[in-house]
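Colleague: I am new to this one, and I would like to learn how to read it. Could you walk me through a few features?

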Amino acid sequence: MQTTLNTKLEKKPLSSRAIETMKPNDKTKTDSGENSGLRIKCGAAGTKTFFYRYKSPLTGKLVQIKIGNYPTVKLANARLQLQELKEIRRSGRCPASELKLKNQEMKKKSALGIRGNGFTIEDMVELYLTQYIEDKIINGKQVKDARKPKGQAETRRTLYGDAVRVLGQKQASDIKRKDISSLIIEIVNRGANVQAGNVLREFSSAFEFAIGMDMFDDEFSNPCISAKNSILKLGMRLTSQRRRRNLSDDELRQFLRWLPGSVFTVTQKNILRFTL
């Protein structure tokens, strides 16, 4: 009976609370169900890292690939990235092997002087977009990457519209918290709170990707993390404001025709009618 209980506990899905309470050198925690293969480890320094462990379709051996560090990468985002990696594996490709190829390409670029003083914010953004977000051609084959086409275009627009526009020619290693904070505050002041949040999130991910690719010195830390903390202390919203909107007569008729055949339960349908 005790064995059965332990098995049930082991299959319990990961939760943000469980991750937050992890301490250095705790036992690696694993996710379950459709997210099986997702693991998180808390290192000696307290850094909590998501990774995907799986059997390579190329070698049949167990391998793992880093997804990102918590809380920069939230549990929900880690699960989304996990599904993307699983899709790559289901197609007969090995995510870890493809990442290794990317690393080799970046090392070649580093040898050409991109790293260090020649590595600008625009270089970093392009690295993030072309090597992680956008599709690419490898050995004559199109390789799907982290986002669908619409998401790829939106991420490029988001980063170039503000991050590259303001900081593009600055050296990435010289960017400080105040540079990021000033950029985000500028966006908020023009009334684009959601855009500000999107820029901060993608910019932070771009830094994390470059750090993971060893494009900075070991002591470099992601300036977006401290900038986010400063912005939140100022009470700035990086999400949309609540708004009120009424359905037009045509929308109301369309909704009422659609509702009876919807997948909602009878109770949910009655609640929606009562709300109207």
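Modeller: Gladly! Let me begin with a term we will need: a salt bridge is a side-chain nitrogen of Lys or Arg within 4 Å of a carboxyl oxygen of Asp or Glu. Please keep in mind that this is a predicted model.

Colleague: Thanks. How many salt bridges does the structure hold?

Modeller: The general idea is that side chains of opposite charge can pair when their charged atoms come close. Here, the structure holds 12 salt bridges. Asp 162, Arg 165, Glu 186 and Arg 190 are linked in a network of them.

Colleague: Which side chain meets Asp 162 in a salt bridge?

Modeller: That of Arg 190, with N and O 3.0 Å apart. Asp 162 belongs to helix 6, while Arg 190 sits in the loop between helix 7 (177-189) and helix 8, so the pair ties together parts 28 residues apart in sequence. Asp 162 is buried at 2% relative accessible area, whereas Arg 190 is partly exposed at 47%.

Colleague: And what does Arg 165 pair with?

Modeller: Its side chain meets that of Glu 186, at 2.7 Å from N to O. Arg 165 is in helix 6 and Glu 186 in helix 7, so this pair ties together parts that are 21 residues apart in sequence. Arg 165 has 45% relative accessibility and counts as partly exposed; Glu 186 is partly exposed too, at 33%.

Colleague: Now the helices. At roughly what angle do the axes of helix 6 and helix 8 cross?

Modeller: Two packed helices are described by the angle between their axes and the distance between the axes. The axes of helix 6 (residues 149-167) and helix 8 (residues 193-212) cross at roughly 85° and come within 9 Å. The two helices are therefore roughly perpendicular to each other.

Colleague: Which residues of helix 6 and helix 8 meet?

Modeller: On the helix 6 side they include Thr 155, Leu 159 and Asp 162, and on the helix 8 side Asn 198, Glu 202 and Phe 203 are among them. By class, this contact has 5 nonpolar, 4 polar and 3 charged residues.

Colleague: Is Glu 202 buried or exposed?

Modeller: Glu 202 is buried, with a relative accessible area of 4%. Glu 202 also forms a salt bridge with Arg 201, their closest N and O atoms being 3.6 Å apart. Arg 201 is partly exposed, at 42%.

Colleague: Finally, how many helices and strands does the protein chain have?

Modeller: There are 11 helices and 6 strands. Of the 276 residues in the chain, 35% count as buried.

Key. Residues are numbered from 1 along each chain as its sequence is written. This is a predicted model: local features need pLDDT of at least 70, side-chain atom pairs count only at pLDDT 80 or more; totals for chains, interfaces and linings use all residues. Side-chain values use heavy atoms; hydrogens and water are left out. Axes are lines fitted to C-alpha atoms, for helices over the stretch in contact, and angles run from 0 to 180 degrees between N-to-C directions. Helices (H or I, at least four residues) and strands (E, at least two) are DSSP runs, numbered from the N terminus. Angles under 35 degrees count as roughly parallel, over 145 as roughly antiparallel, 65 to 115 as roughly perpendicular and the rest as oblique. Contact means heavy atoms within 4.5 Å. Ala, Val, Leu, Ile, Met, Phe, Trp, Tyr, Cys and Pro count as nonpolar, Asp, Glu, Lys and Arg as charged, and the others, Gly among them, as polar. Buried means under 20% relative accessible area, exposed over 50%, partly exposed in between (1.4 Å probe, protein chains only).
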